[in-house]
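Let's take a walk through this structure together. Have a look at the picture, and then we will go from strands to domains.

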Amino acid sequence: MTEWLGPEEWQAVRLSLKVSATAVAASLPLGLLCAFALARGRFPGRHLLNGLVHLPLILPPVVTGYLLLLAFSRQGPVGALLEPWGLSVAFRWTGAALAAAIMAFPLMVRPMRLAFEAVDPGLEQAAATLGASKLRVFATVTLPLALPGVVAGAILAFAKAMGEFGATITFVSNIPGETRTIPTAIYAFLQMPGGEPAALRLVAVSVALAMAALLASEWLSRRIARRVAA
Amino acid sequence: MIRVEIRKRLGEFALDAAFDAPPGVTALFGKSGSGKTSLINAVAGLLRPDAGHIEIDGTVLFDAERRVDLPTHRRRVGYVFQDARLFPHMSVAKNLAYGGRHDRERVIEMLGIGDLLDRRPAALSGGERQRVAIGRALMADPRLLLLDEPLSALDAERKAEILPWLERLRDEAGLPIFYVSHAASEVARLATTVVVMEKGRVTRAGAVAEVLSDPAAVGTIGAQEAGAVVTARIAGLDRIDGLTELALSGGRIVLPGKLGRIGTHLRLRISAQDVILSRDKPQGLSALNVLQAEVTAVDEGPEGVAVGLACGRDRLLARVTRRSARALRLEPGLPVWAIVKASAVAPQDVGGAV
């Protein structure tokens with residue numbers, strides 16, 4: 001396997017997997033919260049939140065990347081706060097994960113929100129009359145019944161994070177071993193004389209990973225849906 | 001004692017209801033849209049009233065002035081919904097245990113659901129689902145049980161299947177129950193107290209026998225549904241003709257079928273439209289059931305005249321046309337003969353011992 005891919009290419013694949021997995025894992029709690037709030041919440045600013053969640057889908061990725069750069073660079077308002085704690089993300093793989101998480105967020109929230117909306121609120125009421133607190137209702141009724149949608153959202157977000165390019169390259173540049181993920185590596189190889197075979201190999205890996213994610217999502221969703229509805 | 005007193009505006013509709021419920025089954029009776037379900041939702045904490053007070057045996061669940069509003073999950077009010085609302089992703093056993101394991105074995109035995117424990121809700125019939133929903137509510141050890149038309153989604157056969165379980169629940173669980181219904185026959189069979197609701201207001205409240213046999217209540221109950229509830233003792237059985245002789249306080253009537261053992265008591269519903277009145281003692285009639293009675297009230301409504309009758313200590317209700325009322329010169333104090341058709345008491349309206 002390692003002989004099939006060159007060391008630089010292999011590094012890009014490993015980094016992409018790490019960045020995407022981190023992005024999904026770190027944004028999952030917030031994604032669940034946003035999806036649930038949008039599905040069930042009746043609060044002022046609900047439309048604003050909805051717009052904010054969807055913004056990265058509509059903005060040019062380069063704009064999102066530049067805004068991140070302004071906020072998280074060492075002199076930026078957020079970056080200056082993180083710097084003394086050693087938590088700076090500028091030009092680091094964690095920055096790539098942040099960019100990927102933000103770009104993938106709308107795709108994560110949407111299926112989750114639809115899944116939460118599809119859960120009958122009557123079942124939640126029934127659970128409350130049986131003595132279950134709001135948290136227990138969510139954990140034992142709402143979340144299990146919405147699980148197919150939650151899994152679909154997470155996998156979709158993972159696939160999107162794997163392919164993120166514009167915001168990543170703008171925000172954290174294209175540093176081999178640190179921020180050079182599969183898409184930015186393909187871009188770099190294409191800029192290099194004789195880099196085309198390496199680029200093609202990464203393209204093949206991309207297609208394979210995307211297909212695998214899609215199939216896994218389908219299979220998982222079906223399996224969970226069967227278990228939930230049986 | 002349960003005290004309910006609430007006001008709530010829901011768009012054009014205004015709920016403004018107050019009543020006290022003694023122990024036993026309290027039927028909330030009224031047409032659909034009369035506010036019955038909103039009322040029990042407020043008791044369960046699923047609907048927040050604008051004003052009022054709700055308490056069960058001294059425990060305040062809601063009080064607008066004192067700013068008490070116990071959340072649903074801390075009210076210990078069991079709720080059996082019209083559509084059962086079992087959790088589809090859990091087995092029957094897990095559904096039952098969701099709210100607790102209070103009296104588990106007895107509840108399972110009482111409702112006859114022991115064979116269903118491993119099944120999923122999707123594999124249950126409508127009647128089985130309702131029984132599991134009742135069991136689930138009981139195992140959470142509630143202070144009060146709310147039943148929202150638990151039979152309305154079922155066909156006649158399933159209704160007949162589940163009614164005996166509800167009677168057992170009433171007689172064995174010793175738990176106050178609010179039973180929402182728009183069917184007078186169910187109310188007559190199960191309830192001890194009736195609260196009649198109309199357009200969000202309580203128009204009548206009292207003991208079943210009193211309210212259902214009150215001519216003035218016919219308008220709200222509905223002419224088709226009106227009818228008195230009486231308690232009768234089984235005085236004799238005619239095995240050859242397959243008849244049961246019942247002793248009422250004011251006479252005897254005979255019904256087809258073997259309805260129980262001699263000496264036991266039955267609750268009967270006698271529909272108002274199945275009672276015929278006569279000034280003279282009828283002779284040579286095929287109907288076997290003739291009772292001597294006295295007119296106590298005459299209430300003229302848009303759909304005819306409702307006549308209240310005293311027959312011994314029992315109260316009966318009859319419905320006649322305006323023309324007949326004039327021809328018979330019906331007025332309070334008039335002695336009459338009431339002819340009750342033998343088929344008048346439908347089998348599903350014959351309740352167990354009271």
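Two strands are said to pair if DSSP finds at least two bridges between them. Helices (H or I, at least four residues) and strands (E, at least two) are DSSP runs, numbered from the N terminus. What you see is a predicted model, in which local features need pLDDT of at least 70, side-chain atom pairs count only at pLDDT 80 or more, and totals for chains, interfaces and linings use all residues. Residues are numbered from 1 along each chain as its sequence is written, while chains are lettered from A and ligands numbered from 1 in the order in which they are written.

Start with strand β1 (residues 2-10) of chain B, which runs antiparallel to strand β4 (residues 51-56) of chain B, with six bridges joining them. Here B:Arg3 has B:Glu55 in β4(B) as its bridge partner. β1(B) is also joined, by nine bridges, to the antiparallel strand β2 (residues 13-21) of chain B. In this pairing, B:Asp16 of β2(B) stands opposite B:Arg7. The hairpin of β1(B) and β2(B) has two residues between the strands, and B:Gly11 takes a positive phi near 65° there.

Now step back to the whole chain. Chain B has a domain 1 (2-212) and a domain 2 (227-349), with bounds that come from an automatic or database domain assignment. Taken over C-alpha atoms, the centres of these two domains of chain B are 32 Å apart.

Where do they meet? Nine residues of domain 1 of chain B are in contact with nine residues of domain 2 of chain B, contact meaning that the C-beta atoms, placed from the backbone, lie within 7 Å. On the domain 1 side, α5 (156-173), α6 (184-190) and α7 (208-212) of chain B each supply at least two residues. The largest share, four residues, comes from α6(B).

Conventions
Contact = placed C-beta atoms within 7 Å.
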